Amino acid sequence: MSVLMQEPQTVAVHQTIVNDFNINVATANGSGSQTSNSLLIRSLYKMGIPVTGKNLFPSNIQGLPTWYNIRLSKEGFLARRERVEIMVCMNGATVAEDMESVEPGGIILFDDALPIANHRKDVKYYAIPVKELVKAANLPFTLQKYVANMVYVGVIAQLLDIEMGEIKDALSWNFGGKPKPIELNWGMVMRAYDWAKANLTNDQPYRVARMTGFNEGTLLIDGNTAAGLGAVFGGVTFVAWYPITPSTSLIEAMNDYAAKLRRDPETGKATYASVQAEDELAASGMIMGAGWAGARAMTATSGPGISLMAEFVGYGYFAEIPAVIWDIQRMGPSTGLPTRTSQGDILSVYYLSHGDGRHPILFPADPKECFEMAGLSFDLAERLQTPLFVLSDLDIGMNSWITGEFDYPETPLDRGKVLTAEELAKFKENHNGQRWGRYLDVDGDGIPYRTLPGTPSVAAAYFTRGTGHTEYATYSERSEVWENNLKRLEKKFDTAREIMPAPIVDIVAGASIGIISLGSNHPAIEEARARLKQSGIATSYLRLRALPINAAIHAFVAQHDEVYVVENNFDGQLHTILTSELPEQASKLISAAKCDGMPLSARWIAQQIG
Amino acid sequence: MTATPTKTSAPKAPKLNPIGLEKTAYKGGDSTLCNGCGHDSISARIITAAWEVGLDQTQVVKFSGIGCSSKTPAYFLGMSHGFNSLHGRMTSVATGALVTNKLLTAIGVSGDGDTASIGIGGFKHLVRRNVHMVYIVENNGVYGLTKGQFSATADQGQTLKYSGTNPYMPLDVCLEALAANATFVARSFAGDAKQLEALLKAAFSHKGLAVLDVISPCVTFNNHDESTKSYGWGKEHEIQLHELNYISHFDEITVEDYPDETEVQLHDGSWLVLKKLGDEYDPTDKMLAYKTLEAARRDQRLLTGIFYIEPETPCFNDLLNTVDTPLSFLPEAKLRPSREALREILAAM
């Protein structure tokens, strides 16, 4: 079976390879390479080529090694691929290992100022006189470093046949149409392009070519930007946050979009508030206060922030306060690897805080779902009156993905069971003579009615507390009151099972193997399944979009002999949850968990199953 | 009924406040604190002050943290929403709620452990943001519910039955507030009904954060006469910085012409009149406030009154520049941008 488990091999040098290879660019952090890399990926995307960009960056401001990996896949596979065919070496600190990483038959472009230890026979080298080209451009010293990275853009474009019109458009888009930086960078790109054309022998096999049928109706965007935009269209009214990688760009996107889109046209005043809190304790407290007072309140954080929010999340669960918490997961425990991806917070978030209780979680799998779930999360949190999590990760959040174009949200905002003064006055009449109680379940779904502070009614007030309370929100230490309250909360959790998004299930007739996974693993799972299928192994697939689980998961597991639970963490956290919630079928569940800081690859997944 | 009426008259009409309510309408549930607790006196003063200035309870919110003091919002203003939050975390909860509904009047009650120990970080940031609320610290220098440990405001060298002698310097809530750029800093004594009521009324009228550090003896764990948070000590050592007179915006302003007084107009049109008792004291002079507080601390005097007031500083909601309608009551049309707006954004991507 071992042949099947390998990724597509680089084939004979003489054959042209079109739209099916990896480019890896090695630079130093803070050198401006992000602009160059975004030009490359955007140009390729605009040529209709399925591309994926994975930014491997250090927790550092300037100087440490960083890599940008662009995968082109004419078949449309968007997962991370481990092999590299084209290596661009711009960083002396890593040049030796970078050159070693290239596949036989691959090519290496390098800054000719870098010390090269030894030349491999099985790859092709292109030395680029970066310094010379920059010098010839006669630019102010301060700009030279940033523009230097445009050199490799021009050379790659020439060697691979990237359409120069697309590069120019990408440049213009990147600089928001500002003529000066566009001209400056474009000059450098063209200088390098012309140099390559005149001086390099282009006998290497890799080429790009315009494609159709894949990128139409899509966007190239990162999940954090999508989530920020989604929150603005989802009616966010209050955001509290504390800077933490990799969540900060979500908040920044939200702040940018909200500043433009959420101002009263007459007064210019904001229809939302965004507060940078003093820490994550305060961020979670602020969204609890805001959610309680009637805001569509959210925060975004990552693992260490989740730990600090634990006490307030327990409060929100017990006092029943709607609030949305985005966790853009990075590697933990502790500070971990702050700029590497992981799905390591599933367990801690599901059970967050002391005492009993579990929390509903949404798992977006791509930027489009980040956009949609940003709005949906408010609806669900307000409907369920509880803290609700959205678990994204650094891979979705900060990398560029091709994703379906966002649809305008058609469903009205769900503000949940909130009583106005008028509804409160008629409560008894409308509920079989029952008097309103803040924690009284009159509908049988475990969800009581609430009132907001400022409601003009002397009957609206209640006292919110994290201590034991009766259905009428009065203090109680009585055993049966406590137990009944937890039973009702359990009933509410069962309601959540029904209203949280159902999993996406693909049952393949005759397949005895099932795969359960979530979030950013999706492209790798799809590719692994395609490869397994080629080698005669049929697999069904259930992509979990939310916790708690519902009947669809029970049915899926029941239908298969073996079910692999694939996730990007070390402990097999989702596997642990499913084992505990499906005890009668637990023996069928096989954990396939890996956490090394990188998005899962199809090769690794196929190896676990095949 | 033994007494015979000497004259017949109509039953005395109950005394009503400016919005037509009796004082009993401002009560809450029964207190479960120890008999004689200073905190209950403060609750009584809050009831009186709120009634007298005519607060609309449906537009009032009460916040607290955890501790004896933090229980008290259940004992006053029963027709107002209350949020008994986490230990030391009332500050962030109140911030979120009061940004969400900018029209609410907020009363926060905390203790010295809740504010000066576990919650000092949040407290400083609440002050720094000048969130519009009245923040009362019921300060007794001791943890009551956990039975008698020192808090961060406990006197250095003080001895408690179970905790021994406190070797550490105390934090002064008023000085901490000043250093964080507070716009209203005052201290009072739970046993001084007249002053506390006047301070509370002024605090209600202040736009921004009003910090009220109220020395409130713990009758069970910290009421030894040598403690600066005891009744005995307080009664003996309290020195008023000035005599306070609060004139509501409901009342006609007829200020008596004291020989030596300062008037401060609050944002709702009310007036605070401070009659000086001793040396020249200008409550708008921050340096003087620092000096006065530091001197009182050094001299072990319980100095009460308004140390500092700055009514013009913008409060947090001014800076956030949100719409006039509370964010909580905005309709969907104001919350979701148009279809066209999304189309334009996507086209530019």
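Select strands β4 (residues 133–139) and β10 (residues 209–215) of chain B, which pair in the parallel sense over seven bridges; strands are DSSP runs of E of at least two residues, helices runs of H or I of at least four, both numbered from the N terminus, and two strands pair if DSSP finds at least two bridges between them. Within this pair, B:M133 stands opposite B:L209. The model is predicted, with local features requiring pLDDT of at least 70 and side-chain atom pairs pLDDT 80 or more, while totals for chains, interfaces and linings use all residues. Residues are numbered from 1 along each chain as its sequence is written, and chains are lettered from A and ligands numbered from 1 in the order in which they are written.

Next, display helix α7 (residues 193–205) of chain B, which packs on the sheet and touches, among others, β4, β9 (184–189) and β10 of chain B. Its direction makes about 160° with that of β9(B); axes are lines fitted to C-alpha atoms, for helices over the stretch in contact, and angles run from 0 to 180 degrees between N-to-C directions.

Now extend the selection to the whole open sheet: nine strands, in the order β18(A)-β2(B)-β1(B)-β3(B)-β4(B)-β10(B)-β9(B)-β15(B)-β11(B), with mixed pairing. Its edge strands are β18 of chain A and β11 (238–240) of chain B.

Finally, select the contact between the chains, which takes 47 residues from chain B and 56 residues from chain A; residues are in contact if their C-beta atoms, placed from the backbone, lie within 7 Å. On the side of chain B, α3(B) supplies the largest share, eight residues.

Key:
Two residues are in contact if their C-beta atoms, placed from the backbone, lie within 7 Å.
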